[in-house]
Amino acid sequence: MSVASSLLTILLAAIPPLIIANGGFAQHALALVAAVILAAAVRGADAELTSTGQLLKRFSVTILVPAVWMVVQILPLPFASLVNPIWSATSIALNEPSLPGRISLEPGATLESLFVYFVYVSLVVSTVIICRDRHRAETILFVLCAVTTFMSLEVVLGRLDWFAAMTPATGAPMSPFPAAAALATVANTALVSRALERHLHRRDIRNLASIRLWLGLFSGSFGILVGIIAIVALARYTLLIATGFGLTAVGFIAAVRRLGFRSWPSAVLFAVLVAIVGALTVPRLLSVGSSLLGLAAFPQETVALAGRLLSEAPWLGNGVGTFSVASRAYQGVDAAEQVVPPSTAVLVAIESGRLALVILAGFAAQLFVVMFRGAVRRGRDSFFASAAAAGVLIVFCEGFLDASLASPATRIIVAVMIGLGLAQSAGRTSGLKR
């Protein structure tokens, strides 16, 4: 297990170099490392495997639905009304009536996306197995805080003339830096909560001269401040609001734990508060545009082609992983401009259909509720699950603002944070009635 934990730590620490590396190389390296981590985590971990299986059993449908949908997009379908219109046009042009029709424009790209999906699922499962142990979970949390804070610091330093040439581009639609800055705030909030919880459980609680207490408070507060400054430096003010939602969730969980509320009434109360805030804020956000493009944090002229793709996409989508293939039909042969998805929501709607957004929202809600309940019911280790629940909320909101989730770096951070939160959602103190 120590080998798997070390490899996961190395993978997280290697995220900044992976951002600079070639995308294809990063994907292949990630696939290899994720397979090795899963193999090392599974070996000799019978107790962790049993508890992990019980924990992930409730997410079996959540895990299988995206995979099954990608398989359906790849397979030939006998119903002409379900296949992508491009296949019927190709059949007529080639005079091949027997040409099989599919949902995906390019089955090979969708098959590759299916493989990548399983890579990240294996990364989540490996993290759950590794982080069942509290000490290993703390190590992963420290590394997450360090990596996301470092990436946020890159954004801040990139605004200075001295470091501008040394830092990578941070304002692109698919840049992982906005998501890293937002997640740095909740990860470092967990670090502050950890310091306070550890101090409150010490015998000399009145001794405020503890080095561990002030080191945790200072490092966590520094990470939160750098993350917020990075979001402001990127002029992502809507993302700053979403980050505020996440921090509010952490504070709400801490409050209901101290007040002794039960988990389900607390979750219902928080859902009501979120519904009220959503009813007040969503209409204002949609006032700038009537479609998903209206929420994107980029000028309309840079996403005009993506808007055409979105408006003309079939209701079943063009196939996962086929965005670049579909965009070529809207460009000239010699076009130098690269079409980029303005947000993850737009990308999902184009590749998987608009119904997929509703399904993914349900999956995000399930993850949030499980980790929310786990955080409320846990003892002094509740900060793991509360930070992960807040991270899920932030990432879901950010999915409508930019396409940072299309970056492998962001996916690694999110996968590890979800695995960490799920692993620590249940424990020896999780079954206590409050």
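Helix H17 (382–398) gives four residues to the lining of the second largest cavity, the largest share. Helices are DSSP runs of H or I of at least four residues, numbered from the N terminus. The model is predicted: local features need pLDDT of at least 70, side-chain atom pairs count only at pLDDT 80 or more, and totals for linings use all residues. Residues are numbered from 1 along each chain, and side-chain values use heavy atoms, without hydrogens and water.

The second largest cavity has a volume of about 30 Å³. A cavity is a set of points on a 1 Å grid where a 1.4 Å probe fits but cannot get out; lining residues have an atom within 4 Å of a point. Its volume is the space filled by probe spheres set on the points, which are joined across faces, edges and corners. Leu-141, Phe-383, Phe-384, Ala-387, Ala-388, Met-417 and Leu-420 form this lining. Seven residues are nonpolar, with none polar or charged. Here nonpolar covers Ala, Val, Leu, Ile, Met, Phe, Trp, Tyr, Cys and Pro; charged covers Asp, Glu, Lys and Arg; the others, Gly among them, are polar.

Two cavities reach 30 Å³ or more. H17 gives the most, with four. The lining has seven nonpolar residues, one polar and no charged.

Elsewhere, Val-65 lies in helix H5. Val-65 is partly exposed, at 32% relative accessible area, where buried means under 20%, exposed over 50% and partly exposed in between (1.4 Å probe, protein chains only).

Note on methods. Helices (H or I, at least four residues) and strands (E, at least two) are DSSP runs, numbered from the N terminus. On a 1 Å grid over the protein atoms alone, a cavity is a set of points where a 1.4 Å probe fits but cannot get out, and a pocket is an open set with protein on both sides within 12 Å along at least five of seven lines; lining residues have an atom within 4 Å of a point.
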